[in-house]
Structures are given as C-alpha cells and as structure tokens.
Amino acid sequence: MEKYVDMFNPSFLNKKSSVLPPLPADATVTMAYIPFQQQPVTYEEEKHALFEGTLFPELNKPFTGRGTLV
C-alpha cells in the first residue's frame, strides 16, 4: 500500500506556484459519475461532428465561461 500513497497526495499539490491558487490542506481526490448512453444518437454529418468536437449531440456541452450552462 505504501507505493500508492503518492497517488492520493500528489507531490505537485504541495509545491507553491505563482500561477495556481493554493489548495486547502484537506483537498481530496474526487470521483466522477458518467451515466451510460441508453440510445446513442449521432450527428448525421461528419463535418458537423468534427466542428462540435463530439459525434454525440448528447455530449455536446460547450463551455460558456460561467458556472451554469445557458
């Protein structure tokens, strides 16, 4: 188990950086939940899918620069 200690306390989190804000001492690793696609629908045109960056419209979540999607 000793070899996995650095996975949960990465050394880069302990370094001071002028670019990144400091992390709290109790910062933990998070877990994501990604639901399975039930009936995947795809874009009809390949060029449109390439433009959007995904083949699936359901996964097209553009970043708007705010905390909520518009």
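Me: How are helices and strands assigned and numbered here?
Reply: Helices (H or I, at least four residues) and strands (E, at least two) are DSSP runs, numbered from the N terminus. Lys 61, for example, sits in the segment after α2. The protein chain has two helices and zero strands.

Me: Good to know. What kind of model is this, and how are residues numbered?
Reply: The model is predicted, so local features need pLDDT of at least 70 and side-chain atom pairs count only at pLDDT 80 or more, while totals for chains, interfaces and linings use all residues. Residues are numbered from 1 along each chain as its sequence is written, and side-chain values use heavy atoms, with hydrogens and water left out.

Me: Thanks! Is Lys 61 buried or exposed?
Reply: The general idea is a cut-off on relative accessible area: buried is under 20%, exposed is over 50%, and partly exposed is in between (1.4 Å probe, protein chains only). Lys 61 counts as exposed because its relative accessibility is 57%. Glu 44, in the loop between α1 (5-8) and α2, is exposed too, with a relative accessible area of 83%.

Me: And why does Thr 54 count as buried?
Reply: Thr 54 counts as buried because its relative accessibility is 16%. This residue lies in the segment after α2 (46-52). Across the protein chain, buried residues make up 6% of the 70 residues.

Me: Which residues is Thr 54 in contact with, leaving aside its neighbours within four places in sequence?
Reply: Contact means heavy atoms within 4.5 Å. By that rule, and with those neighbours set aside, Thr 54 touches Tyr 43, Ala 49, Leu 59 and Asn 60.

Me: Which backbone atoms do the side chains of Thr 54 and Lys 61 reach?
Reply: Think of polar contacts: pairs of N or O atoms within 3.5 Å; within protein, one must be able to donate a hydrogen and the other to accept it, and residues adjacent in sequence count only if both atoms are side-chain atoms. The Thr 54 side chain reaches the backbone nitrogen of Phe 56 at 3.2 Å. From Lys 61, the side chain reaches the backbone oxygen of Glu 58 at 3.5 Å.
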